[in-house]
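Open the model in your viewer and keep the selection tool at hand. This tour goes from stop to stop.

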Amino acid sequence: FGTVADKDVFPLFDLMPVEAEYLWVKANIPRAMDVKVLADRGSNKGLKGKTMPGVAQAIEKSLEMAKKDDLILIIGSIFVVGEALPYFK
């Protein structure tokens with residue numbers, strides 16, 4: 001999960017499952033929210049996770065962490081999803 005700094009996406013945290021593990025990322029754009037701020041705000045809502053230096057590293061880490069029947073979701077800003085797309089073609 002990553003987002004841009006000027007969007008109020010934090011009400012979404014109330015909809016995200018607390019039993020999931022999150023990888024907090026910063027998209028490679030100037031408007032991206034600082035990953036530590038994002039992780040702190042997620043933690044304040046009871047969401048556990050790790051900060052990652054970028055989308056590519058988060059994809060690699062999620063594939064390492066996932067078990068056979070796990071689901072990996074790449075969510076947040078369209079910029080994060082856009083950076084992830086080339087890894088799945």
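**Stop 1**

Select Asp-6 first: with a relative accessibility of 52%, Asp-6 counts as exposed, because the cut-off for exposed is over 50%. Keep in mind that this is a predicted model.

Arg-31 is partly exposed, at 39% relative accessibility.

**Stop 2: Asp-14 and Lys-45**

Select Asp-14 and Lys-45. They form a salt bridge, and their closest N and O atoms are 3.0 Å apart. Asp-14 lies in the segment before strand 1, while Lys-45 is in the loop between helix 1 and strand 2 (48-51), so this pair ties together parts 31 residues apart in sequence. Check the surface here. Asp-14 is exposed at 55% relative accessibility; Lys-45 is partly exposed at 38%.

**Stop 3: along helix 2**

Go to helix 2 and pick Lys-61 and Glu-64. Their side chains meet in a salt bridge of 3.9 Å, N to O. How many residues apart are Lys-61 and Glu-64 in helix 2? They are 3 apart, which means a separation of about one helical turn. Glu-64 is exposed, with a relative accessible area of 61%. Lys-61 is partly exposed, at 25%.

**Stop 4: the largest pocket**

Switch to a surface view. The largest pocket holds about 650 Å³ of space. To find its centre, select Glu-21, Tyr-22, Leu-71, Ile-72 and Leu-73, the closest to it of the 22 lining residues. Strand 1 (21-24) and helix 2 (55-65) are the elements that each give two or more residues to the lining. Which element gives the largest share of the lining? Helix 2 does, with 5 residues. Colour the lining by residue type: 17 are nonpolar, 1 is polar and 4 are charged.

**Stop 5: a nonpolar patch**

Last, select Leu-63, Ile-72, Ile-74, Tyr-87 and Phe-88. Together they make a nonpolar surface patch of about 480 Å². Zoom in on Tyr-87, in the segment after helix 3 (78-84). Is Tyr-87 partly exposed or buried? Tyr-87 is partly exposed, because its relative accessible area is 46%.

Definitions and conventions: Residues are numbered from 1 along each chain as its sequence is written. This is a predicted model: local features need pLDDT of at least 70, side-chain atom pairs count only at pLDDT 80 or more; totals for chains, interfaces and linings use all residues. Side-chain values use heavy atoms; hydrogens and water are left out. Patches are made of residues with over 30% relative accessible area and no salt bridge: like charges are joined within 9 Å, nonpolar side chains (Val, Leu, Ile, Met, Phe, Trp, Tyr) within 5 Å. Accessible areas come from the Shrake-Rupley method with a 1.4 Å probe; for residues, only the protein chains shown count as cover. A salt bridge is a side-chain nitrogen of Lys or Arg within 4 Å of a carboxyl oxygen of Asp or Glu. Helices (H or I, at least four residues) and strands (E, at least two) are DSSP runs, numbered from the N terminus. Buried means under 20% relative accessible area, exposed over 50%, partly exposed in between (1.4 Å probe, protein chains only). On a 1 Å grid over the protein atoms alone, a cavity is a set of points where a 1.4 Å probe fits but cannot get out, and a pocket is an open set with protein on both sides within 12 Å along at least five of seven lines; lining residues have an atom within 4 Å of a point. Grid points are joined across faces, edges and corners, and a volume is the space filled by probe spheres set on the points. Ala, Val, Leu, Ile, Met, Phe, Trp, Tyr, Cys and Pro count as nonpolar, Asp, Glu, Lys and Arg as charged, and the others, Gly among them, as polar.
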